[in-house]
Amino acid sequence: MGQVTIYLDDETETRMKEAAKASGVAVSRWVAELVREKTATEWPEAVCQLAGAWPDFPDAETLRRAQGQDVAREPF
């Protein structure tokens with residue numbers, strides 16, 4: 001298991017300790033969870049479950065219908 005040394009100003013250290021205490025975990029575990037959260041490569045499950053949650057939201061075709069035709073692009 002790796003060890004990391006970080007330097008924090010007093011206010012940040014206090015806030016970190018309070019947040020860890022409020023979460024009911026040790027500071028090292030709180031920091032590790034924060035690092036995992038910030039380096040995640042997938043959406044959290046709660047976000048994935050939101051897909052399709054708004055059945056009345058218009059689809060892309062409906063949203064673009066009023067935009068008209070695109071102008072032809074210039075060749076390279």
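Modeller: K17 has a relative accessible area of 44% and is therefore partly exposed (buried means under 20% relative accessible area, exposed over 50%, and partly exposed in between, with a 1.4 Å probe and protein chains only). This is a predicted model, in which local features need pLDDT of at least 70 and side-chain atom pairs count only at pLDDT 80 or more, while totals for chains, interfaces and linings use all residues. Residues are numbered from 1 along each chain as its sequence is written, and side-chain values use heavy atoms, leaving out hydrogens and water.

The partner of K17 is E13: the two form a salt bridge whose closest N and O atoms are 3.1 Å apart (a side-chain nitrogen of Lys or Arg within 4 Å of a carboxyl oxygen of Asp or Glu). E13 is likewise partly exposed, because its relative accessible area is 29%. Both residues lie in helix α1, 4 residues apart, or about one turn of the helix (helices are DSSP runs of H or I with at least four residues, strands runs of E with at least two, numbered from the N terminus).

Helix α1, residues 10-23, also holds R15 and E11, which are separated by about one helical turn because they stand 4 residues apart. Their salt bridge has its closest N and O atoms 3.8 Å apart, and both R15 and E11 are exposed.

A search of the whole structure finds 3 salt bridges. One of them joins the side chains of R65 and E61, at 4.0 Å from N to O. R65 counts as exposed because its relative accessible area is 57%; E61, at 61%, is therefore exposed as well.

Of its 76 residues, 3% count as buried. The radius of gyration is 23 Å, whereas a compact globule of 76 residues would have one near 11 Å (taken over C-alpha atoms; the globule rule is 2.2 Å times the number of residues to the power 0.38). Along the principal axes, the C-alpha atoms fill a box of roughly 55 × 40 × 30 Å.
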